[in-house]
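Here is a short report on ring contacts and a sulfur bridge. Look at the sequence and the structure, then read on.

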Amino acid sequence: MADARNILYVLATSIPGLFILGLFKLGLMKSGLLESGLLKSVLLIPGLLILPAVIMPASAASDFPVAPSDASAATASGLQQLDTAALRKTFTGTHVEQDARGQVYRAQYGADGSVILSNSSGLIDRGTFTVIRQHGGGVCLRLEHQMNQRMCAIWFFADDGVHLFGYSPTDGTLRAVSRPGAD
């Protein structure tokens, strides 16, 4: 019963939890279960245990991790920079990326050096990408809507082994967070 009490406390101290808890209590009151004492029943505890899963948004599993503020902070925290061989292997196929402004898009990196960027509304831009040796290795894009201006990033592996953090090679600012996506 102490576990159920802890779960109720966590629910009661979060705004989504208060909403769910209120709906849960309202449903129990209307059904008469609250007055009958069945709230303390062992049968309801499993229901209470799944409430945190209901409260957690479905997108939480797909959220991007918080990147170190800049390339020097990434290096200082021990993150490994991808070299040219790792970049060539990693940047083929589809990636889901979040830029520094928080916009999420899909990037399709072709084996031929082509790149297509899209979001939920459709095509954003297309162009080419190259892997460069400068700055210990990086990826440069030339996109049509960006007047074919070359934009480069150096990439670091995140601690989770899935995500990548991309930084400007010139000033070290965060450019994007990326992870492999479904093709």
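## Aromatic cluster

Phe-91, Tyr-109, Phe-129 and Trp-155 form one aromatic cluster in this predicted model. Rings of Phe, Tyr and Trp (its six-membered ring) pair if their centres lie within 6.5 Å; planes under 30 degrees apart are stacked, over 60 edge-to-face, and the rest tilted. The count comes to 4 aromatic pairs.

Phe-91 and Trp-155 make a tilted pair, 5.1 Å centre to centre with 50° between the planes. Phe-91 sits in the loop between α6 (84–90) and β1 (93–99), while Trp-155 is in strand β6, 64 residues apart. Helices (H or I, at least four residues) and strands (E, at least two) are DSSP runs, numbered from the N terminus. Both Phe-91 and Trp-155 are buried. Buried means under 20% relative accessible area, exposed over 50%, partly exposed in between (1.4 Å probe, protein chains only).

## Edge-to-face pair

The ring centres of Phe-156 and Tyr-167 are 5.7 Å apart and their planes stand at 80°, so this pair is edge-to-face. Phe-156 is buried at 2% relative accessible area. Tyr-167 is buried at 0%.

## Disulfide

The structure holds 1 disulfide (cysteine sulfur atoms within 2.5 Å). Cys-140 joins Cys-152, S to S 1.9 Å. The torsion about their S-S bond is about 105°, so the disulfide is right-handed.

## Basis of the values

Residues are numbered from 1 along each chain as its sequence is written. In this predicted model, local features need pLDDT of at least 70, side-chain atom pairs count only at pLDDT 80 or more, and totals for chains, interfaces and linings use all residues; side-chain values use heavy atoms, leaving out hydrogens and water.
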